[in-house]
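User: I would like to learn how to read aromatic contacts in a model. Can you take me through them step by step?
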Amino acid sequence: MCGFITTISKKNTVFPQDSLRRMASIISHRGPDDSGFFFSESLSLAFRRLKIIDLSEKGHQPMFSQDGRYVIVFNGEIYNYMEIREELKKKGIVFNSDSDTEVLLNSYIQWGEKCLHKFIGMFAFAIYDQTEKSVFFARDQLGIKPLFIFENAEYVILTSEIKAILPFSQLEPDFSTFNEYLIFRSLPGERTMFKNVRSLPAGHFGRWNNGILSKHSYFKLEETFDQDANLTFAAACEKTDTVLKESIQLHLRSDVELGVQLSGGIDSSLITAIASKLTGRRLHSFSISFSEDEYDESEYQKRVSLKYNTEHHDFRMDEDIFTTNIERALWHYEHPLNDPNSVATYYLAKKAKDFVTVMLSGEGADESFLGYVKFLPETIQRLKLRTMIHHRKRLRSIISKIWPFQKGRALLSATKYPPAMFALSYAKLNLIDELLGGNYSEMIPRSLISGLAHGNILSEAILQDEICDLPQWFWRADRMGMGASLEFRVPFCTEKMFKTANSIPYKLKVYQGERKAILKKIAEKYIEQDQIYRKKIGFGTPIDKWICKKGKYHELFEDTINSVSFKDRSFINQNHFSKIYKAHRNGVYTEHNSAFLWTYFNLELWSRIFFDGKWKNFTN
């Protein structure tokens, strides 16, 4: 796990070396163990290394091919690098290191862009061909690792983090993205909240050749929905169990100490149990707990830890710790924070770094194996009905006139917007409507998912989660982990895992009305049933309580949203915010899922850091 910067000159001018070194220092947290640079007339490379595979100097980057023609910078892990290495050795290729970087580079030299179909891992990389003066760059199938593209009149810059641009160029906000963030707390796809900065989409590669920048897709998640109608529940469980064990086995490959993030839920408990059995040794496990009972899962974390003899580390988070870490978490996250649990994740990573460099985590299981309430049969039926009404404007108008005023208006709000798309929003639709006024067409790829699902509402709901919601959890894992120089790995999130999950019919994944039924059945072999089938808590943070009492978080929130800078922000819909804030002060409006009060508050703190110059406080 590392970080890199690639600068491509449009005018064959050498990129300023001092600027590139300062840019690399901004992301030194991604690689505190080593650094490297390469400068040429048309391209420059900077690299920061976190040593995980092959700890020797032979893993140094930028790394050159044996003939010196190609040079690579690579962030991530190729988990099946050993198998690919053996395949390449049979073709006569000699290796100088034991690193997956060298395997990746030789794979590209051998197979070109087709090498991407061989990789199991999380990756973003750039390879410079010194003969053709061209650049090939790519990102993993699901988009676990980031790769951003900044472009101005003189340069194209590929970077692992947006903040690396700051020593070279002032960043500007892209106001057209703000409403989407306020409603959904994330931006999937290419757009970022910064002008001239785009994200290379998941499952894409790109080229710079003869002055032309091109991007191409090599993997599409929507194409994995090839369901096996003959599959039985037992067979689905067996198939999933096999693929999950294979994935965890690969994710355990490391030359440094690793552990597991243990929340006490099904996903992390399964990873802990299987990883413990596969390694046969005592693993470190880590968790965050709260004093507030409804947010605390420490009982279940301890049960799993005791059963599998992990060396468990429970870090208690309170309001003061949360408030102290929020701005640093924002700096590392680079966008306004998606969820309060991102602050908790950052704190967990910082504390865990004292013991490990790699941590396995359970992201992706809820999205692929349908763990959310929205996937219950009755919820899906309601979604289908609302979608039918959504597509019939005249029917919506008639129903709203028949029903009493408030119910009629609520129905219009609930069906004016695509129900599957806005099921991911964190706010009431009447408040969303007041902000958007029915305009959501710019929210790509969200607004395109219905077409990808070909009118199948269930597929649309799943794709909204997998394509539009899951990326924010990848973003959280990458930024919060790397902010502490720690690598999060996500065994549920491989191409094979998602192909397996998406090939299983809905009736088996929500079996006899039980969400995530397949993973729960597998878990019966490892943990007690009362823990498996208990009410899901999730990784919540009690800011709904903290915001209402006189403490540090309440003070920071009130100082922020009552500040002159907040009130002077032209991009803030002051009327919209004021209505919500007044209702909150009067006790009428309560946020249980951190909706508009959280997003407006974060938008202000983020603006201060990235546009008002406060970012310099974090680089000393």
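**Reading the aromatic pairs**

Analyst: The structure holds 44 aromatic pairs. One of them is Phe37 with Phe39, a stacked pair. The model is a predicted one.

User: What describes a pair of aromatic rings?

Analyst: Two values describe a pair: the distance of the centres and the angle of the planes. For Phe37 and Phe39 these are 6.2 Å centre to centre and 5° between the planes. Planes under 30 degrees apart count as stacked, so this pair is stacked.

User: Are Phe37 and Phe39 buried, exposed or partly exposed?

Analyst: Phe37 is partly exposed, at 27% relative accessible area. Phe39 is also partly exposed, at 23%.

User: Why is the pair of Phe577 and Tyr600 edge-to-face?

Analyst: The planes of Phe577 and Tyr600 stand at 70°, with ring centres 5.2 Å apart, so the pair is edge-to-face. The cut-off for that class is over 60 degrees.

User: Where in the chain do Phe577 and Tyr600 lie?

Analyst: Phe577 is in helix α25 (residues 574–585) and Tyr600 is in helix α26 (residues 596–611). They are 23 residues apart, and the pair links distant parts of the chain. Both residues are buried.

User: Which cluster holds Phe577 and Tyr600?

Analyst: Ring pairs link them into a cluster with other residues, including Phe290, Trp546, Tyr581 and Trp598.

User: Which charged ends sit over rings?

Analyst: The charged end of Arg85 sits over the ring of Phe95, 4.7 Å from the ring centre. The charged end of Arg185 sits over the ring of Tyr426, at 3.4 Å from its centre.

Note on methods: Residues are numbered from 1 along each chain as its sequence is written. This is a predicted model: local features need pLDDT of at least 70, side-chain atom pairs count only at pLDDT 80 or more; totals for chains, interfaces and linings use all residues. Side-chain values use heavy atoms; hydrogens and water are left out. Rings of Phe, Tyr and Trp (its six-membered ring) pair if their centres lie within 6.5 Å; planes under 30 degrees apart count as stacked, over 60 as edge-to-face and the rest as tilted. Buried means under 20% relative accessible area, exposed over 50%, partly exposed in between (1.4 Å probe, protein chains only). Helices (H or I, at least four residues) and strands (E, at least two) are DSSP runs, numbered from the N terminus. A charge sits over a ring if NZ of Lys or CZ of Arg is within 6 Å of the ring centre and within 35 degrees of the ring normal.
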